[in-house]
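Me: I have a structure open and would like to go through it. Can we start with the charged side chains?

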Amino acid sequence: MAQDADALLRKVKKFNKVVIRLQKMGIALGPHYLITTKGRRTGQTRIAAIGVIPIAGQRYIFQAYPKAAWVANVRAAQTVTLSRGRRSSEVRLVELPVEERRPILHDHIANSHARVGNLFVTTGLVDDPTPQGVADAADRIAVFRIEAA
């Protein structure tokens with residue numbers, strides 16, 4: 001499983017570089033946005049490609065990999081910049097408490113392609129790719145709600 005996760009992470013990093021390059025040229029791709037934060041230790045600008053998922057009238061960002069650097073940087077920041085194509089805005093990302101994550105994670109997996117649940121398994125965040133299995137792992141998956149800054 002660790003080899004699968006490592007191979008997937010390498011592919012995702014390559015894909016993210018393409019997404020970042022396209023976004024900087026003004027081309028939006030799927031649900032992908034760029035999140036710009038200050039590095040929590042260096043203070044340098046950090047950019048990552050992330051998916052923004054609408055659920056029940058709100059927009060959310062989900063951690064897909066353990067120890068994702070963007071998660072730690074968001075936790076340390078007051079605000080971040082979300083960009084899509086040529087549009088960008090400063091927003092606050094509010095991390096949901098574990099109990100609030102469960103129904104959001106359940107809905108996300110229930111309304112997504114099966115590969116989304118399988119991604120969480122491959123990366124080692126969950127053991128069961130079902131909506132309930134992912135919801136049960138809410139303590140291992142950061143979920144952020146996007147709010148106006």
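Me: What do the side chains of R75 and E95 meet in?
Reply: A salt bridge, at 2.7 Å from N to O. Keep in mind that this is a predicted model.

Me: Why does that pair tie together parts that are 20 residues apart in sequence?
Reply: Because R75 lies in helix α2, while E95 lies in strand β6.

Me: Which residue does R101 form a salt bridge with?
Reply: With E95, where the closest N and O atoms are 3.1 Å apart. R101 is buried, at 8% relative accessible area, and E95 counts as partly exposed, at 26%.

Me: How many salt bridges does the count come to?
Reply: Five. One of them is between the side chains of E99 and R102, at 3.1 Å, N to O.

Me: Where do E99 and R102 lie?
Reply: Both are in helix α3, three residues apart, which is about one turn of the helix. E99 is exposed at 56% relative accessibility, and R102 is partly exposed at 25%.

Me: Which residues do salt bridges that share partners join into one network?
Reply: R75, E95 and R101.

Me: New topic. How many residues are in the largest nonpolar core?
Reply: It has 17 residues, and those touching the most other members are I35, I50, I61, W70, L82 and L93. Elements giving two or more residues include β1, β2 and β6. The most come from α2, with three residues.

Me: What does L82 touch?
Reply: Leaving out residues up to four places away in sequence, its contacts include Y33, I35, I50, I61 and I146. Another core, of 16 residues, lies apart from the largest one, and F62 and F120 are among its members.

Notes. Residues are numbered from 1 along each chain as its sequence is written. This is a predicted model: local features need pLDDT of at least 70, side-chain atom pairs count only at pLDDT 80 or more; totals for chains, interfaces and linings use all residues. Side-chain values use heavy atoms; hydrogens and water are left out. A nonpolar core is a set of buried Ala, Val, Leu, Ile, Met, Phe, Trp, Tyr and Cys residues joined through side-chain atoms within 4.5 Å. Buried means under 20% relative accessible area, exposed over 50%, partly exposed in between (1.4 Å probe, protein chains only). Helices (H or I, at least four residues) and strands (E, at least two) are DSSP runs, numbered from the N terminus. Contact means heavy atoms within 4.5 Å. A salt bridge is a side-chain nitrogen of Lys or Arg within 4 Å of a carboxyl oxygen of Asp or Glu.
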